[in-house]
Amino acid sequence: MIESLFSLPGAIALFLLGAAVIAVAGTRLSAAADRLADRTGLGEAVTGAVLLGAATSLSGIAASVTAAVDGLPTLALSNAIGGIAAQTVFLAFADIAYRRANLEHAAASAPNMMQASLLIVLLALMLCAMILPPIAILGVHPVTPILVVAYVYGLHLVHRSRDEPMWRPRMTGETRVDKPDEPQGGQAAVRVAAEFALAGIVVLAAGIAVARSGGVIAAQTGISESVVGALLVAVATSLPELVTSVAAVRRGALTLAVAGVIGGNAFDTLFAAVADGFYRAGSLYHSVTSHEMFLIALTILMTAVLLLGLIRRERSGPGGIGFESCLVLVLYVLAMGVISTG
């Protein structure tokens with residue numbers, strides 16, 4: 001039982017173990033998702049946004065829901081938003097790992113840019129919920145169902161932009177087009193799907209352990225839930241995105257790498273919607289601090305910078321990393337410094 005580890009050393013050990021399990025399982029998710037994109041015919045953009053994005057987010061959603069059930073709303077929301085910020089930074093590391101050109105240039109596509117736009121819309125909705133009066137119907141804020149509907153409709157638009165694009169990036173020698181490496185269907189698809197599902201279950205279980213131990217660390221060290229959620233739990237539960245994005249880049253699946261992070265970020269906004277349903281003391285959005293509002297503003301800014309990079313498509317930058325990726329890194333470091341000292 002996790003309750004038997006409620007000492008601080010036990011909680012730290014459980015936290016580190018959960019983070020390690022998440023990182024290892026994340027490598028399996030990336031390889032399986034790349035093959036599923038070909039076998040199912042969905043393509044890397046949609047597979048990254050829906051399957052990989054959701055699977056790598058299982059640990060995070062488990063952490064937020066667990067925190068909400070335990071009556072820790074600040075930890076629940078800061079984990080969700082802090083995870084989005086951390087995962088956006090992970091794209092900068094993926095950019096460093098891809099040496100041929102800037103990732104924003106090589107992976108530019110209409111679906112990726114639409115996913116970034118969708119993420120900004122969803123984050124803005126969450127910010128509106130925090131500013132609006134504390135209304136709750138059956139303990140759920142009215143913005144919560146709007147978030148879910150907006151996400152589902154946004155995915156529909158992303159899928160249409162792949163099948164019937166009204167805009168295409170100009171092809172260059174460094175542009176990587178999503179082309180299947182494997183045939184569709186076959187028995188291999190079933191095996192890959194099973195491997196993908198198993199890795200997802202492992203990530204989910206590890207996420208629950210990380211959330212429980214994170215709550216203990218916050219309680220016994222006196223560190224605020226906002227800091228623990230945004231810096232410790234969020235980064236730990238976001239490790240699959242770091243592992244899968246770098247692994248996807250090394251496999252040459254650039255669209256999958258970008259879509260997995262941005263699509264996963266859009267899915268992560270649903271953490272708040274689900275956690276709001278499990279938090280029975282009222283509206284989750286009005287049980288948080290100014291730190292969470294700052295985190296949302298930061299993630300909107302970082303996503304907008306990334307979107308500008310996908311549109312601008314700088315071929316190369318200093319040290320093999322684009323200007324936008326450098327700016328995202330600087331913004332994140334400065335913001336985490338503000339949160340940790342605020």
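This is a predicted model: local features need pLDDT of at least 70, side-chain atom pairs count only at pLDDT 80 or more; totals for chains, interfaces and linings use all residues.

I begin with helix α11, which covers residues 254-278. This helix has 25 residues, and from its first C-alpha to its last it reaches 36 Å, close to the 36 Å expected at 1.5 Å a residue. Is α11 enclosed by the rest of the structure or open? Of its 25 residues, 22 are buried, so α11 is largely enclosed by the rest of the structure.

Thr269 has a relative accessible area of 1%; because buried means under 20%, Thr269 counts as buried. Setting aside residues up to four places away in sequence, Thr269 touches Ile84, Leu119, Leu122, Leu123, Met126 and Leu147.

Phe278 also lies in α11. Phe278 is partly exposed, at a relative accessible area of 45%. Together with Val69 and Val274, Phe278 makes a nonpolar surface patch of about 250 Å².

I turn now to helix α12, residues 290-312, where Thr299 has its place. Thr299 is buried, with a relative accessible area of 1%. Which backbone oxygen does the side chain of Thr299 reach? That of Ile296, at 2.8 Å. Apart from neighbours within four places in sequence, Thr299 is in contact with Ile81, Ile84, Ala85 and Leu123.

Thank you for your attention.

Terms used:
Residues are numbered from 1 along each chain as its sequence is written. Side-chain values use heavy atoms; hydrogens and water are left out. Patches are made of residues with over 30% relative accessible area and no salt bridge: like charges are joined within 9 Å, nonpolar side chains (Val, Leu, Ile, Met, Phe, Trp, Tyr) within 5 Å. Accessible areas come from the Shrake-Rupley method with a 1.4 Å probe; for residues, only the protein chains shown count as cover. A salt bridge is a side-chain nitrogen of Lys or Arg within 4 Å of a carboxyl oxygen of Asp or Glu. Helices (H or I, at least four residues) and strands (E, at least two) are DSSP runs, numbered from the N terminus. Buried means under 20% relative accessible area, exposed over 50%, partly exposed in between (1.4 Å probe, protein chains only). The expected span of a helix is 1.5 Å times one less than its number of residues. A polar contact is a pair of N or O atoms within 3.5 Å; within protein, one must be able to donate a hydrogen and the other to accept it, and residues adjacent in sequence count only if both atoms are side-chain atoms. Contact means heavy atoms within 4.5 Å.
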